[in-house]
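Look at the structure first, then read on.

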Amino acid sequence: VASSAVRLRCEQRPYEVDLSNKHLVRARAIVVATGAEYRRLALENLDRFVGAGVYYAATPVEARLCKAEEVIVVGGGNSAGQAAVFLAGGCRHVHLLVRSQGLAESMSRYLVRRIEQSPNITLRARTEIAALEGEAQLERVTWRDRAGNETETHPIRHVFLMTGAVPNTRWLQGCVALDDKGFVRTGSDLHAEDLVPAQWPAGRAPHLFETNQPGIFAVGDVRCGSTKRVAAAVGEGSACVQIVHRVLHE
């Protein structure tokens with residue numbers, strides 16, 4: 001029967017991981033790869049269109065799929081602003097939907113200016129997606145103006161959900177250093193004060209992907225600064241294995 005990790009204990013080495021089946025695993029090295037859960041819209045058919053018109057990242061791969069088309073970006077943070085500006089470079093028009101009254105409180109001033117200066121980006125404040133429609137591929141999107149409760153339906157085939165992600169780090173129980181959003185800090189992202197409580201081997205700094213606890217690593221979406229792409233996560237995991245062997249020989 002499959003079981004999951006429910007708590008990491010790092011007070012002593014070997015480290016201990018409590019499992020959901022009540023068993024305990026001890027290890028000298030641990031790789032945390034528990035990922036993150038993307039904030040979802042409350043739409044019953046959302047899963048049907050993930051990867052077929054609904055995307056959680058805006059990279060050159062997705063940009064090629066919607067070149068010269070109209071697209072929607074949902075979100076009011078910096079990631080949404082960056083996606084809107086990037087997509088505007090190749091798309092016919094970008095509709096930026098935000099639930100709040102504007103962008104000033106949630107986005108950097110530089111991005112706000114870029115959006116205001118882009119003729120093919122339209123900011124739609126106090127607006128949310130009400131429905132997604134289509135067969136195998138997304139074909140139509142309905143959005144709702146929350147101020148007047150009016151809806152509009154448009155033949156838009158691409159929606160980018162840049163509403164953030166919640167890392168699966170609660171089970172770490174304060175063992176490793178996290179950033180202000182709960183992602184695990186590793187390597188050069190660690191602060192000097194993060195290393196004070198841990199017993200570091202003499203003469204070395206944390207390795208790439210290593211947390212503030214010697215021998216505990218983090219890879220993939222759970223890690224601060226990761227690319228949040230499957231291929232990148234696989235690459236980080238592969239590279240990390242070599243570092244784990246090095247640490248085990250210390």
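## A buried ring and its partner

F160 is buried, at 0% relative accessibility (buried means under 20% relative accessible area, exposed over 50%, partly exposed in between, with a 1.4 Å probe and protein chains only). This is a predicted model: local features need pLDDT of at least 70, side-chain atom pairs count only at pLDDT 80 or more, and totals for chains, interfaces and linings use all residues. Residues are numbered from 1 along each chain as its sequence is written, and side-chain values use heavy atoms, leaving out hydrogens and water.

## Two aromatic pairs

The whole structure holds two aromatic pairs (rings of Phe, Tyr and Trp, the last by its six-membered ring, with centres within 6.5 Å; planes under 30 degrees apart are stacked, over 60 edge-to-face, the rest tilted). Y38 and Y56 form a tilted pair, 5.1 Å centre to centre with 35 degrees between the planes. Y38 sits in strand β5 and Y56 in the loop between β6 and α2, 18 residues apart (helices, H or I, have at least four residues and strands, E, at least two; both are DSSP runs numbered from the N terminus). Y38 is partly exposed at 27%. Y56 is partly exposed at 21%.

Y55 and F160 form a tilted pair too: 5.1 Å between centres, 40 degrees between planes. Y55 lies in strand β6 and F160 in strand β13, so the pair ties together parts 105 residues apart in sequence. Y55 is buried, at 7%.

## R185

R185 lies in the loop between β14 and β15. It is buried, at 11% relative accessibility.
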